[in-house]
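Open the model in your viewer and keep the selection tool at hand. We will go stop by stop.

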Amino acid sequence: MADINPFESLQEQIDDAAAYTDVDGDVIERLKRPERVLSTTLSVDMDDGSMEQFRAYRSQFNGDRGPYKGGIRYHPHVSEAEVKALSGWMVYKCAVVDIPYGGAKGGVAFDPRDYSDSEVERVTRAYATEIRPLIGADRDIPAPDVNTGQREMNWLKDTYETLERTTEPGVVTGKAPSSGGSAGRVEATGRSTMLAAREVFDYLDRGIEGATVAVQGFGNAGSVAARLLDEVGASVVAVSDSQGGIYAADGLDVAAVRDHKRETGTVGGFAGADETLSNEAVLTADVDLLVPAALENAIDADIARDVQADVIVEAANGPLTPDADDVLTNRDVYVVPDILANAGGVTVSYFEWVQNRQRFSWTEKRVNDELERVITDAFDRLVDTFETYDVPNLRTAAYVVAIERVAEAFDDSGNWP
Ligand code: NAD
């Protein structure tokens with residue numbers, strides 16, 4: 001895959017969508033770069049007595065609509081350009097679903113699998129100490145991302161609360177329920193993916209019942225989306241993970257596939273499948289709906305030309321290259337963009353933060369009902385914009401909605417000299 005600078009891609013997406021708005025050009029320039037980026041080096045003691053240095057970042061892209069919000073990624077490829085781009089996408093994701101947050105993202109450039117649990121804890125606490133002056137329940141609220149989860153969020157919260165001599169569970173979301181996490185958080189991304197799919201099929205007057213589905217990536221987002229799509233009557237015929245795919249013409253028993261993956265570590269070898277498929281064959285399977293739920297840039301222009309689904313709902317962040325996006329637009333394939341389809345995660349993070357501030361827990365039913373309202377409202381606004389603005393695709397419509405909302409918040413507040 002060619003090297004695509006993610007920060008330049010973000011800026012291009014903003015320029016493309018901004019052309020359809022009447023937002024002032026100077027304000028658009030402001031919406032193309034982060035307000036501030038912390039770039040730092042953590043010095044952390046290793047178990048063997050040595051000391052290691054880790055590059056770490058936190059980018060606060062825009063706070064016009066509320067506190068900065070975004071995850072923390074642990075990955076060897078974490079870079080300033082990636083963190084800046086991801087923080088920008090958070091701004092537009094929060095705006096398109098209309099939750100009162102700006103956008104941020106952070107990361108530490110390392111592979112936690114190469115380190116012991118206590119070393120990962122010390123990296124996390126060193127990182128938390130560095131970002132402490134920037135974060136807070138009303139300032140900037142971190143969350144999990146690639147290779148971080150409840151454990152890291154709990155350490156972050158504990159470090160912050162200890163140093164600040166307070167209890168402030170809303171300083172971070174994605175916590176374990178015992179530390180103030182929300183019901184429904186783990187399923188939220190798959191749930192918004194299912195809701196987005198249901199809405200787009202309704203919009204196209206087809207109904208999701210009986211639609212055939214292929215899901216690329218059977219992790220947190222993909223496996224939950226597959227199960228919930230199955231529950232609303234779709235037929236999940238193909239799924240894959242990093243080791244390959246499986247297919248069953250009459251539909252896979254999704255719960256049984258999940259149990260099989262839990263036991264064996266992969267979907268391959270599932271007894272209820274008719275045949276095995278390559279990863280690429282899952283993406284180009286003869287289905288009504290394709291759900292990419294693995295990694296970014298999974299579908300390039302060549303694969304896009306062979307995609308047979310005429311609807312794609314992006315559970316993953318950035319699963320299409322920009323060229324693939326153009327190919328699919330020209331082929332009239334409807335793509336519900338990531339910033340709406342997978343926004344369930346950040347939306348339920350927002351509900352977690354609201355509950356933390358209320359010091360009151362909602363039931364799972366309330367969380368799911370509120371999530372459904374947020375996603376269906378966002379989808380209605382998306383198609384309204386798609387039809388009124390004569391934009392080429394749903395992604396551009398999503399950015400138009402988001403850019404207008406952020407620009408309006410900026411205009412309403414006025415500029416500070
Ligand atoms: P995960 O690690 O739980 O699952 C990823 C899955 O993709 C795994 O099953 C892995 O085997 C599979 N995979 C990797 N390479 C593949 C390939 N080449 N072909 C097929 N499958 C492959 O991760 P996740 O949390 O489910 O995240 C998946 C995507 O969803 C990411 O892009 C992430 O940024 C996005 N996302 C997740 C959340 C969330 O709350 N989990 C929220 C928003 C966006």
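Is Ser182 buried or exposed? Select Ser182 and look at its relative accessibility, which is 7%. The cut-off for buried is under 20%, so Ser182 counts as buried. Keep in mind that this is a predicted model.

**Stop 1: around Ser182**

Stay on Ser182 and show its side chain. Ser182 sits in the loop that runs between helix 5 (150-164) and helix 6 (188-203). The side chains of Ser182 and Gln355 are joined by a polar contact of 3.0 Å.

Next, select Gly180. Gly180 also lies in the loop between helix 5 and helix 6. Gly180 is partly exposed, with a relative accessible area of 24%. Draw a distance from Gly180 to Ile246. The two are 66 residues apart in sequence, and their C-alpha atoms are 38 Å apart in space.

**Stop 2: the domains**

Zoom out and colour by domain. The protein chain is divided into domain 1, residues 30-174, and domain 2, residues 188-336. The centres of domain 1 and domain 2 lie 30 Å apart.

**Stop 3: the ligand**

How many residues surround the ligand? There are 20, and the closest are Thr189, Asn220, Ala221, Ser242 and Asn317. Colour this shell by class. You will find 7 nonpolar, 10 polar and 3 charged residues. Helix 7 (220-231) supplies at least two residues of the shell, and strand 7 (235-241) also supplies at least two.

Now go through individual contacts:

- Thr189: a polar atom of its side chain lies 2.7 Å from an oxygen atom of the ligand.
- Ala221: here a polar backbone atom is 2.8 Å from a ligand oxygen.
- Ala294: a backbone N or O atom lies 3.2 Å from an oxygen atom of the ligand.

Taken alone, the ligand exposes 820 Å², and the protein buries 72% of that.

**Stop 4: the largest nonpolar core**

The largest nonpolar core has 88 residues. Which residues have the most contacts inside it? Select Tyr92, Leu229, Val239, Leu289, Val313, Val336 and Ile403. Then pick helix 15, residues 394-413. Helix 15 gives the most to this core, with 11 residues. Bring back the domain colours. The core draws at least three residues from domain 1 and at least three from domain 2.

**Stop 5: a buried strand residue**

Go to strand 2, residues 51-62, and select Ser59 within it. Ser59 has 0% relative accessibility, so it counts as buried. Ser59 and Ser87 are 28 residues apart along the chain, yet their C-alpha atoms are separated by 6.1 Å.

**Stop 6: two positive phi angles**

Select Asn147 and check its backbone. Asn147 is not a glycine, but it has a positive phi of about 65°. Where is Asn147 found? Look in the loop between strand 5 (140-144) and helix 5. Asn147 counts as partly exposed, at 34% relative accessibility.

Now select Asp390. Asp390 is not a glycine either, and its phi is positive, at about 55°. Asp390 is found in the loop between helix 14 (364-389) and helix 15. Is Asp390 buried or exposed? The cut-off for exposed is over 50%. At 64% relative accessibility, Asp390 therefore counts as exposed.

**Stop 7: the segment before helix 1**

Finish with Ile4. Ile4 lies in the segment before helix 1 (6-18). Ile4 is partly exposed, with a relative accessible area of 33%. Draw one more distance, this time to Glu314. Ile4 and Glu314 are 310 residues apart in sequence and 19 Å apart in space, C-alpha to C-alpha.

Technical notes. Residues numbered from 1 in each chain as written. Predicted model: local features only at pLDDT ≥ 70, side-chain atom pairs only at ≥ 80, totals over all residues. Heavy atoms only, no water. Domains from an automatic or database assignment. Near = heavy atom within 4 Å. Polar contact = N/O pair within 3.5 Å; in protein donor to acceptor, adjacent residues only side chain to side chain. Areas by Shrake-Rupley, 256 points an atom, 1.4 Å probe, with all protein chains shown as cover. Helix = DSSP H or I, 4+ residues; strand = E, 2+ residues; numbered from the N terminus. Nonpolar A, V, L, I, M, F, W, Y, C, P; charged D, E, K, R; others polar. Core = buried A, V, L, I, M, F, W, Y, C linked by side-chain atoms within 4.5 Å. Buried < 20%, exposed > 50% of the residue type's maximum accessible area, 1.4 Å probe, protein only.
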